[in-house]
Amino acid sequence: MSMIGLAADSAVAIAERRRNKPGRGVYSGRSRVALERNLMAFRSSNWIIVLSGFVEPLFYLMAFGFGIGQLIGGVTDGSGHPVSYAAFIAPALLATSAMNGAIYDSTWNVFFKMHFAKLYETMLATSLGPLDVAVGEISWALLRGLVYAIGFMAVMAPLGLIPSWWALLAIPGAVLIAFGFASFGMAITSYLKTFHQMNWINFFMLPMFLFSGTFYPLNIYPEWIQSVIQALPLWHAIQLERGFMLGNIDSSIGWHIAYFLVMIVAGLFFTTRRLTALFIK
Amino acid sequence: MIVARGLRKVYGDFVAVDGIDFEVRKGEAFGLLGPNGAGKSTTMKMIASVSKRTGGELTILGLDPNKRGPEIRAHLGVVPQQDNLDRELKVHENLFAYGRFFGLSRKFLKTKVEELLEFAQLTEKRNAKAEELSGGMKRRLTIARGLVNEPEILMLDEPTTGLDPQARHILWDRLFRLKEQGVTLVITTHYMDEAEQLCDRLIVMDKGKIMAEGSPADLIKRFASKEVLEVRFGSSKNIEIAEQIFHLGHRTEVLPDRILIYSENGEEDLQAILKLGLEPVTSLVRRSSLEDVFLRLTGRTLVE
């Protein structure tokens with residue numbers, strides 16, 4: 001047995017292949033291996049916790065959509081069509097579902113891996129680069145958001161809350177939303193140092209969920225509050241999903257998509273920068 | 001394999017490594033010794049290409065770590081001071097996942113992982129979670145993990161700190177085997193016996209500078225005598241008696257609890273003391289060790 005061997009495809013040969021590629025210091029083209037590692041760890045993890053993130057929006061749908069919805073009757077959507085209250089809040093809860101899935105993994109789990117498990121330090125001692133780690137971890141968080149969204153859709157269909165084929169666009173929509181939140185969430189988390197600071201994320205998330213036009217149209221607020229909410233990511237997510245689910249496709253969709261694209265790019269940029277600063281000083 | 005010239009690392013206004021020169025040759029075991037805060041770990045990080053130097057030159061296998069980090073890291077095996085195994089993964093998965101980080105194929109890793117489990121004597125523990133292992137096993141697994149990419153240079157930062165004697169000896173044996181196979185070892189330690197056991201050549205660092213360089217035997221010859229005689233007269237009398245025996249040996253050192261006499265023949269000096277009519281409570285003649293060199297070079301002050 002030899003410890004220095006020269007395997008046909010040695011680690012060195014693999015690393016050298018990227019010698020002349022741009023960004024070789026930060027990216028090795030192997031973000032999928034971070035995903036693989038998470039899958040391995042996930043196989044022996046606690047399913048209850050994973051499930052809880054999925055049922056939460058479902059409970060809201062039951063309580064508000066079908067409970068309070070009975071008292072309210074219907075509302076009118078963005079284009080003035082009347083819809084049932086449950087159909088009005090369902091897309092918002094779908095967007096929230098995608099957000100929650102993405103946020104769980106990209107905030108608390110990332111915080112743990114960074115400060116306690118020292119996982120990123122370990123990964124960056126290999127020939128991986130910080131962008132591999134960022135993309136891999138964000139993809140994992142995104143995947144969870146996607147799974148939640150699909151699960152939520154599967155429950156909505158038999159309840160008659162999916163009126164048209166356009167609604168299927170809500171799934172790629174959920175991917176975009178989860179990607180944006182995961183990317184941004186990881187970037188913010190990478191800058192935080194204490195549990196205390198981490199709690200601020202939760203403090204921010206709950207009101208955003210409640211007031212982003214989730215349960216009622218935004219026009220009941222005074223104008224300045226409307227502007228504040230329109231700057232928040234969840235409002236864009238909800239509008240996007242509501243547009244797809246209720247089949248109101250117009251030019252505003254483009255803005256919501258653009259909002260998330262910016263979030264994704266900014267998140268990836270700052271995460272990579274921060275990981276480099278922390279672990280490749 | 002590794003060449004450093006005037007290597008410096010500065011954090012803010014703290015100089016961690018202050019212009020050091022050294023060379024590590026192929027196949028040797030090279031040691032970095034020094035008290036806490038001497039700059040050993042910082043030097044290791046710069047070699048491992050996860051810390052950028054502030055000044056001077058550093059090349060690893062002819063490559064500049066500031067520019068070719070990922071390529072250099074593909075050549076290296078790293079065993080950090082604190083075990084940072086993946087607690088969420090099983091023993092064999094730890095090796096597999098780490099190999100994947102280097103981009104190694106699943107097929108290659110399937111056999112490699114088994115080989116490494118055997119090397120680390122962990123085959124029976126392959127399905128245990130990493131956190132369930134004992135300290136010695138964890139360290140062996142961390143070393144095995146560092147070998148997954150078949151590195152030419154293995155970097156070990158205080159490999160046996162915190163291990164019991166049995167676990168240390170097993171580990172030394174494993175490291176010897178690696179050396180026999182031609183792996184270059186770079187080891188930091190503050191255990192003198194470890195440096196004497198493992199290192200062909202070493203540098204003693206203190207406050208970011210190199211205090212001495214050479215083989216263990218060579219350093220002992222240069223900075224200590226052949227033997228050391230330790231005598232105790234009781235704490236209150238040591239200083240007073242020391243004056244009477246100051247002429248013995250090359251050098252005498254008075255500590256609160258004992259007097260050390262560095263000499264060529266400790267037994268002769270002990271007889272001389274007895275002839276003076278002095279009666280030590282205990283006496284011990286021993287071979288000088290790197291510890292004597294180390295303490296002479298870096299002083300006895302406690303580093304916090």
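Analyst: Two residues are in contact when heavy atoms of theirs lie within 4.5 Å. The model discussed here is predicted.

User: What does Arg30(A) touch, leaving out residues up to four places away in sequence?
Analyst: Within chain A, Arg30(A) touches Ile14(A), Ser127(A), Leu128(A) and Asp132(A). In chain B, Arg30(A) touches Arg100(B), Phe101(B), Phe102(B) and Gly103(B). Arg30(A) sits in the loop between α1 (11-16) and α2 (32-42) of chain A.

User: Why is Arg30(A) said to have no salt bridge?
Analyst: A salt bridge needs a side-chain nitrogen of Lys or Arg within 4 Å of a carboxyl oxygen of Asp or Glu. The nearest side chain of opposite charge to Arg30(A) is that of Asp132(A), 6.3 Å away.

User: What makes Glu241(A) another buried residue with no salt bridge?
Analyst: The nearest side chain of opposite charge to Glu241(A) belongs to Arg242(A), at 10 Å. Glu241(A) lies in helix α10 (residues 233-246) of chain A. Apart from neighbours within four places in sequence, the contacts of Glu241(A) include Pro91(A), Leu94(A), Ala170(A) and Ile177(A).

User: How do you know that Leu104(B) is buried?
Analyst: Buried means under 20% relative accessible area. Leu104(B) has 1%, so it counts as buried. Leu104(B) is in the loop between α3 (91-101) and α4 (106-119) of chain B.

User: Which residues does Leu104(B) touch, not counting those up to four places away in sequence?
Analyst: From chain A, Leu104(B) touches Asp9(A), Ser10(A), Ala11(A) and Ile14(A). From chain B, the contacts are Gly99(B), Leu109(B), Val148(B) and Asn149(B). Asn149(B) is 45 residues from Leu104(B) in sequence, with the C-alpha atoms 7.7 Å apart.

User: Why is the pair Lys40(B) and Glu158(B) called a salt bridge?
Analyst: The closest N and O atoms of Lys40(B) and Glu158(B) are 3.9 Å apart. The limit is 4 Å, so the pair qualifies. Lys40(B) is in helix α1 of chain B and Glu158(B) in the loop between β6 and α6 (165-180), so the pair ties together parts 118 residues apart in sequence. Both Lys40(B) and Glu158(B) are buried.

User: What makes the pair Glu213(B) and Arg201(B) a salt bridge?
Analyst: The N to O distance between Glu213(B) and Arg201(B) is 3.0 Å, which is within 4 Å. The two residues are 12 apart, Glu213(B) in strand β9 (residues 209-214) and Arg201(B) in strand β8 (residues 201-206) of chain B.

User: Why do Glu213(B) and Arg201(B) fall into the classes they do?
Analyst: The partly exposed class covers values between the buried limit of 20% and the exposed limit of 50%. Glu213(B), at 32%, is therefore partly exposed. Arg201(B), at 11%, is therefore buried.

User: Which residues make up the network that includes Asp257(B) and Arg258(B)?
Analyst: Asp257(B) and Arg258(B) form a salt bridge at 3.1 Å, N to O. Salt bridges with shared partners join Glu230(B), Arg232(B), Asp257(B), Arg258(B), Arg286(B) and Asp292(B) into one network. Asp257(B), with a relative accessible area of 31%, is partly exposed, and Arg258(B), at 18%, counts as buried. The structure holds 32 salt bridges over all chains.

User: Where is Glu150(B) placed, and what is its phi?
Analyst: Glu150(B) is in the loop between α5 (135-146) and β6 (153-157) of chain B. Its phi is near 50°, again positive in a residue other than glycine. Glu150(B) counts as buried, with 12% relative accessibility.

User: How many helices and strands are there in chain A and in chain B?
Analyst: Chain A has 11 helices and two strands. Chain B has 11 helices and 13 strands. The domain assignment divides chain B into domain 1 (2-220) and domain 2 (225-288), with C-alpha centres 40 Å apart.

Note on methods: Residues numbered from 1 in each chain as written. Chains lettered and ligands numbered in written order. Predicted model: local features only at pLDDT ≥ 70, side-chain atom pairs only at ≥ 80, totals over all residues. Heavy atoms only, no water. Domains from an automatic or database assignment. Helix = DSSP H or I, 4+ residues; strand = E, 2+ residues; numbered from the N terminus. Buried < 20%, exposed > 50% of the residue type's maximum accessible area, 1.4 Å probe, protein only. Lys, Arg positive; Asp, Glu negative; His and termini not counted.
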